Structure formats: C-alpha cells, structure tokens
Amino acid sequence: MVNIPNIRASIERIPEQFFYGRVTAVQGLMVEVGGVQRAVSVGGRCHLQARNGKPVICEIIGFRDDRALLMPFGSLDGVGIGSKAELADAAPVIYPDASWLGRVVNAMGEPIDGGPPLPHGLIPYLLRNAPPPAHQRRRVGEKLDLGVRALNTFLTCCRGQRMGIFAGSGVGKSVLMSMLSRYTASDVNVIGLIGERGREVQEFIEDNLGEDGLRRSVVVVATSDEPPLMRRQAAYLT
C-alpha cells in the first residue's frame, strides 16, 4: 500500500540548493574543510564523500582561519585531501513513527537489527530541542505504576518525574531496567544503551528485555567502541 502523505513529506524535505566545499586537511579525527565557512555555523552537519563512495557524516565544531573544523560520526577511511564536503540544509531532526516499536536503531535512527528500513513519520523533532521555560513546564502528574513492588512502595514515581539508578558492576541494574521496561504502565519505552560493551547489547535485548519488553520499546544503541559524537548523538536521540 502506497503511503502518499509520507511520500509527499519526503519530497518536501529535499533541499532547494546544495553547498559544498573540499577537504583541505585531516589530523586524527579532525577534518578541515575550505570554501564553506560563510555558509555554516557551529553544530551544523556536513557529509564527506569518501573515495570508496561511502558518505561520512560530520559535525562542525569550530573554525580556524578560513576553514571549518569537523569531527566525524564514523570512520574517516577513504577521506583525503580534496574530498567533497556537502553541507546539510537544515538542523538535525528525527522523524519517529509508531512502526519503530520493537526495533533496534543506532544513534542516527538507522536500523541495526537486520530488519527492513524504518519509515519516516510526518512530524520532525529537533535532536537538540531547547527545554521549555520553567513557567511553561507541566507539573508532575499522577502516580505511575512501575510494576516493581519494592519501587512502588519505597520509591514512588509520578508521570513526568525523573529517576536515576546508580550501582556498581554486576549488581542488577540491567535486570531492573528490563523489569521496568516490561511491567511499567506505559505505552512506549525508549531505551538507550550508550557506552555498553558490544557483547552486552545482545545479551540485554534477548535475555533481559525479551520479546515482551521489546514489543513496545525502541532501543537506541551506541557501544563503547563508537566515536564520542555517536554516543552523544545516541543520548540526544534517546
């Protein structure tokens, strides 16, 4: 079945014009790009065209002389002097959709569970949305059933409230989080596994979260071996 509204929204997101420059230097994870300094600002995005044909997404973190300084979200393999750097037209946004439930995505919102591509929703959400002013924030709502009697009794939580779980290694933080994901009276869970060791991600999803918990959850993953920008991006996405 053809989803006309989604197709129309995808067409409207195509930028009217493109700006691009060229890579002038690469030092470790720092990339210098010339020719775009007057068209970009700190926090903007840039796509580098590597010589192997694979695009590398970068973020603009500053300027030096007449060049923009970039840091990558992934590997810089294939990027060299003269590589094309195409600027992103708009601020980084995400288009979530109800069909994302039960899926595992990376920090860019791309599926990494071997499933089909994820459709984009119709409403964009800024990844770095500013918090509302204090006088416009909602008050804490009614009591929220966490599905764990010990927490409901000694650490009662309400809708809109934040709670932190801090403990040493191997004492059950992941197990407790999976219990909250399965039994809390919520419609959707967004779980961020950020900075975890790679082998622990699959263990958490299969053994702790299980099919019941995953069915109404979206899991965002950025393991400890990924670049710092990817881990920060995963936190914004979560």
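Trainee: Where does Thr-223 lie?
Mentor: Thr-223 sits in the loop between β13 and α5. Keep in mind that this is a predicted model.

Trainee: Is Thr-223 buried or exposed there?
Mentor: Buried, because its relative accessibility is 10% and the cut-off for buried is under 20%.

Trainee: And what does its side chain make a polar contact with?
Mentor: With the side chain of Asp-225, at 2.4 Å.

Trainee: How many bridges join β8 to β13?
Mentor: Three, with β13 covering residues 217-222. For Val-105, the bridge partner in β13 is Val-220. Val-105 and Val-220 also both belong to a core of 15 residues, which includes Ala-107 and Leu-237 too.

Trainee: Switching topic: what about the barrel, which strands does it run through?
Mentor: Six strands close it, in the order β1-β2-β5-β4-β3-β6, and the pairing is antiparallel. From one strand to the next, the twist averages 45°.

Trainee: Zooming in on β3 and β4, how many bridges join them?
Mentor: Five bridges, with the two strands running antiparallel. Cys-46 stands opposite Cys-58 in β4.

Trainee: How many residues are in the largest nonpolar core?
Mentor: There are 17. The ones with the most contacts inside that core are Val-31, Val-33, Leu-48, Val-56, Leu-70 and Val-79.

Trainee: Which strands each supply at least two residues of it?
Mentor: That would be β2 (30-34), β3 (45-49), β4 (55-64), β5 (67-72) and β6 (84-87). The largest share, three residues, comes from β4.

Trainee: Last one: what is Val-31 in contact with?
Mentor: Setting aside neighbours within four places in sequence, Val-31 contacts Val-23, Ala-25, Val-26, Leu-48, Ala-68, Leu-69, Leu-70 and Leu-76. Leu-48 and Leu-70 are also among the residues with the most contacts inside the 17-residue core.

Note on methods: Residues are numbered from 1 along each chain as its sequence is written. This is a predicted model: local features need pLDDT of at least 70, side-chain atom pairs count only at pLDDT 80 or more; totals for chains, interfaces and linings use all residues. Side-chain values use heavy atoms; hydrogens and water are left out. Two strands pair if DSSP finds at least two bridges between them. Helices (H or I, at least four residues) and strands (E, at least two) are DSSP runs, numbered from the N terminus. Buried means under 20% relative accessible area, exposed over 50%, partly exposed in between (1.4 Å probe, protein chains only). A polar contact is a pair of N or O atoms within 3.5 Å; within protein, one must be able to donate a hydrogen and the other to accept it, and residues adjacent in sequence count only if both atoms are side-chain atoms. A nonpolar core is a set of buried Ala, Val, Leu, Ile, Met, Phe, Trp, Tyr and Cys residues joined through side-chain atoms within 4.5 Å. Contact means heavy atoms within 4.5 Å. Axes are lines fitted to C-alpha atoms, for helices over the stretch in contact, and angles run from 0 to 180 degrees between N-to-C directions.
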